[in-house]
Amino acid sequence: MARKRLSGPKQEFLGTPASSGGAGLENKSMFGTPPIAQVTGEAAAQSALQELADDMGKARLEGRMVVQVARGDIISDHLTRDRVLVDDEDMQALIASIRTHGQRTPIEITPLAGPSGKYGLISGWRRLAALEHLQKQTGDSRFDTVLALLRQPKDAADAYVSMVEENEIRVGLSYYERARIAAIATERGVFETEKQALLSLFAAASRAKRSRIRSFIELYHALDGVLRFPAALKERQGLALVEALRRDEATRARIIRGLQTGDAETAEAEQQLIARLIAPPKAPAKTPAKSAPQENVPHAEHLQVRISEDLTLSLTNGQIEISGAEVSEKLFHQTLQFLQRPRN
C-alpha cells in the first residue's frame, strides 16, 4: 500500500516567503498584522504626533516659531513707539526690499487679552508700515499677512524692554528718543521712577551713557513739542543745551521763546538756531581807565630839560623820558629809586 505524503501549508498563507528565514510565523498571522502589534504601532504614532504638536505649540508660545498673522489683526500703537522720526531714505529702501524679496525678518507681537483675537505690536513698526504701504500701492494680497514671532512678555515693562532692545540693535536710537521713551513709560506707570526706567530699558548701557540719557530726559520735559527735530539733536549739542537751560530762569525762558519763534524748517537750521541761543552772552566792552594826574607835575604838553651835554630829560603828557649817551642801567635804577622815595 503506497504511503501518501502530507504537504505543509502553502507559503502564501504564512505571509512571509520561505527565503525570509521562517520569521513570518512569529510576526504575521494568516490575515495580516496581529491585533496587538497594530494597536501598539498606532499608539506609538499617536504619541509621536502628540509630542510633535506639543513641541510646536511650545515653540510658538515661546516665540521660536514664525507664524503668519493677518496685518489687520495687529495693533501698531499697542506700545508708545520709541522712534520719533523715520528716515525717508531708509524707509524707501525697506519698501523696495520687501517688494522684491518679501518680508525676510519677522516682527514681534503679543496676544492681547480678551476674545478679540488681536495682537499688540512690540517691535517691527517700520516693517509693518512698509507692508501696509505696499498693499495700498499694489493691491497684492501677499502684503496682507505678516510674518511674526509671538512673545509672552511678563508685563508691560518687559514689552518695552524688548522694543527698545530690538531698535537699539537694528538702527540705534538717538539720545532724545531714548530719553523720551524712558520718560513716557514712567508717566504711564510702567516704571515707578525714571531711574528705574533707565536701569531696565538700558541695562546693557554703561553708567556714563545712562547719565547722558538722564540729561536728555530734562530736554524732553522742557522742550517736548518745542523742538521740531529733536531726534536729530547730537549728543554734544544736546548736553550743552541742557547746561544752558539750567543756567537761570531768564536764560531758560529766552531759549524756549527763541525756539518757538525761530520757525526752523530743517534739522540743520534748528541746530544752528540752538547754537546761537545757548552761546554765552558777550561781555560789554570795557572803557579804558583814565590815568590819574601825577602830583607836582606841570600839566604841560611837552617839557624838556638838558641835564648835561650827553643827557636830556623830557616830560610829555605825564611820561618821563631820559635820553643821551650817558643813559645806563645804573642811571635807570637810580632814577627809579628817586621817583619811588617817600615825599614829605
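Predicted model: local features only at pLDDT ≥ 70, side-chain atom pairs only at ≥ 80, totals over all residues.
In what order do the five strands of the open sheet stand, and with what pairing? The order is S1-S5-S3-S4-S2, and the pairing is mixed; two strands are taken to pair if DSSP finds at least two bridges between them. Strand S1 (66-70) and S2 stand at the edges with a single partner strand each, so one side of each is left without a neighbour in the sheet.

Residues are numbered from 1 along each chain as its sequence is written, and side-chain values use heavy atoms, with hydrogens and water left out.

Taken as a whole, the chain has 13 helices and eight strands. These elements are DSSP runs numbered from the N terminus, with helices being H or I of at least four residues and strands being E of at least two. Of the 344 residues in the chain, 31% are buried; buried means under 20% relative accessible area, exposed means over 50%, and partly exposed lies in between (1.4 Å probe, protein chains only). Among the contacts in the chain with a separation of 6 or more, 62% come from residues 24 or more positions apart, a contact being heavy atoms within 4.5 Å.

Back in the sheet, strand S4 (residues 119-123) is mostly covered, with five of its five residues buried. On one side, S4 is joined to strand S2 (residues 74-75) by two bridges, and these two strands run parallel. Here tyrosine 119 in S4 is the bridge partner of isoleucine 74. Strand S3 (residues 107-111) is joined to S4 by four bridges, this time in an antiparallel arrangement. Across this pairing, threonine 110 stands opposite glycine 120 in S4, and glutamate 108 stands opposite serine 123 in S4.

S3 is itself mostly covered, as four of its five residues are buried. It also pairs with strand S5 (residues 145-150), in the parallel sense and over three bridges. In that pairing, isoleucine 107 has alanine 148 of S5 as its bridge partner.

Attention can now turn to the helices. Helix H8 (residues 194-201) and helix H9 (residues 207-223) have axes that come within 11 Å and cross at roughly 130°. Axes are lines fitted to C-alpha atoms, for helices over the stretch in contact, and angles run from 0 to 180 degrees between N-to-C directions. H8 and H9 are therefore oblique to each other: angles under 35 degrees count as roughly parallel, over 145 as roughly antiparallel, 65 to 115 as roughly perpendicular, and the rest as oblique. On the H8 side, the contact is made by Glu194, Lys195, Leu198 and Leu199, and on the H9 side by Arg210, Ile213, Arg214, Ile217 and His221. By class, this contact of H8 with H9 has four nonpolar, one polar and four charged residues, where Ala, Val, Leu, Ile, Met, Phe, Trp, Tyr, Cys and Pro count as nonpolar, Asp, Glu, Lys and Arg as charged, and the others, Gly among them, as polar.

Leaving aside residues up to four places away in sequence, arginine 214 touches Lys195 and Leu198. Arginine 214 and lysine 195 are 19 residues apart along the chain, and their C-alpha atoms are separated by 8.1 Å.

Helix H10 (residues 235-247) and helix H11 (residues 249-262) pack at an angle of about 130°, with their axes 5 Å apart. That makes H10 oblique to H11. Leu241, Ala244, Leu245 and Arg247 in H10 meet Thr251, Arg252, Arg254 and Ile255 in H11, and the residues of this contact divide into four nonpolar, one polar and three charged.

Finally, aspartate 263 lies in the loop between H11 and helix H12 (267-278). Most residues other than glycine have a negative phi. Aspartate 263, although not a glycine, has a positive phi of about 55°.
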